[in-house]
Amino acid sequence: MRLDRLLAEAGFGSRSEVKKLIRKGAVKVKGEVVKDPSFKVDPERDEITVNGELVSYEKDYYLILNKPSGYITSTKDRELTVMELVSDLPRFQRLFPVGRLDKDAEGLLLMTTDGELAHRLTHPKWKVPKTYLVEVEGEVKEEELEPLRKGIKLKDFTAKPAEVELLEKGKESSKLLITIKEGKYHQVKRMFAAIGHPVKYLKRVKFGSIELGELPRGEYRHLTKEEVKRLKREVKLEP
Ligand code: URA
């Protein structure tokens with residue numbers, strides 16, 4: 001890989017900015033100053049420094065975004081997409097969202113450049129649990145949740161049994177947590193609509209073992225190495 005490309009991808013500036021850095025003599029490869037931007041390096045092996053700072057190059061990005069409502073989960077659209085919220089990252093063009101949240105939904109959206117992990121996390125075979133906080137219309141009674149817990153027949157498929165917890169209920173609306181291991185189009189909204197309590201608000205709070213926590217709306221954070229390892233283990237990409 002070219003030295004200038006690696007530095008740009010590792011966040012040291014645009015391609016022309018890093019070329020300037022290199023020509024200025026700020027960059028060393030294995031202890032030697034290299035002034036040629038096209039110099040070939042092996043990002044996995046070569047020790048590279050910029051003004052003495054060790055360059056850490058990760059092959060893939062893994063991050064979670066707290067998606068606000070109003071953004072489309074897609075890499076390209078005529079409307080505002082979630083990519084706007086990560087566009088300060090040097091390699092954001094290679095990122096893509098794992099699974100989908102509706103335009104009006106909020107919460108945890110995993111984004112990565114790792115195609116194999118993304119594929120497994122969304123494949124039904126791996127049954128990755130996803131937890132949503134929902135506010136639904138009307139006062140929900142425990143017994144009304146039975147069909148969701150048993151598996152409910154919808155128009156074109158039967159949703160598998162879900163874990164559901166009633167958190168709060170009032171005359172106007174109720175709050176619940178629901179965990180499903182599938183990800184059909186509008187699945188949670190359709191499940192609650194089917195028991196007569198349409199969803200007014202939906203936020204994903206957990207994906208596999210990864211929790212949204214206190215991440216502010218509209219912001220993202222990189223997963224820790226430990227979190228990435230855990231996710232990979234959940235879909236058997238790591239022992
Ligand atoms: N279920 C839905 O209905 N919408 C989402 O965005 C996610 C799950």
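How many salt bridges does the structure hold? The structure, a predicted model, contains 16 salt bridges, a salt bridge being a side-chain nitrogen of Lys or Arg within 4 Å of a carboxyl oxygen of Asp or Glu. In this predicted model, local features need pLDDT of at least 70 and side-chain atom pairs count only at pLDDT 80 or more, while totals for chains, interfaces and linings use all residues. Residues are numbered from 1 along each chain as its sequence is written, and side-chain values use heavy atoms, with hydrogens and water left out.

One of these contacts joins the side chains of Arg15 and Asp4, at 3.4 Å from N to O. Because Arg15 lies in helix H2 (residues 15-23) and Asp4 in helix H1 (residues 3-9), the pair ties together parts that are eleven residues apart in sequence; helices (H or I, at least four residues) and strands (E, at least two) are DSSP runs, numbered from the N terminus. Asp4 is buried, with a relative accessible area of 0%, whereas Arg15, at 36% relative accessibility, is partly exposed; buried denotes under 20% relative accessible area, exposed over 50%, and partly exposed in between (1.4 Å probe, protein chains only). Both residues belong to a network of salt bridges that links Arg2, Asp4, Arg15 and Lys19.

A further salt bridge is formed by Glu58 and Lys225, whose closest N and O atoms are 3.2 Å apart. Glu58 is located in the loop between strand E4 (53-54) and strand E5 (62-67) and Lys225 in helix H6 (residues 225-234), so that parts 167 residues apart in sequence are tied together. Glu58 is partly exposed at 37% relative accessibility, and Lys225 is exposed, with a relative accessible area of 64%.
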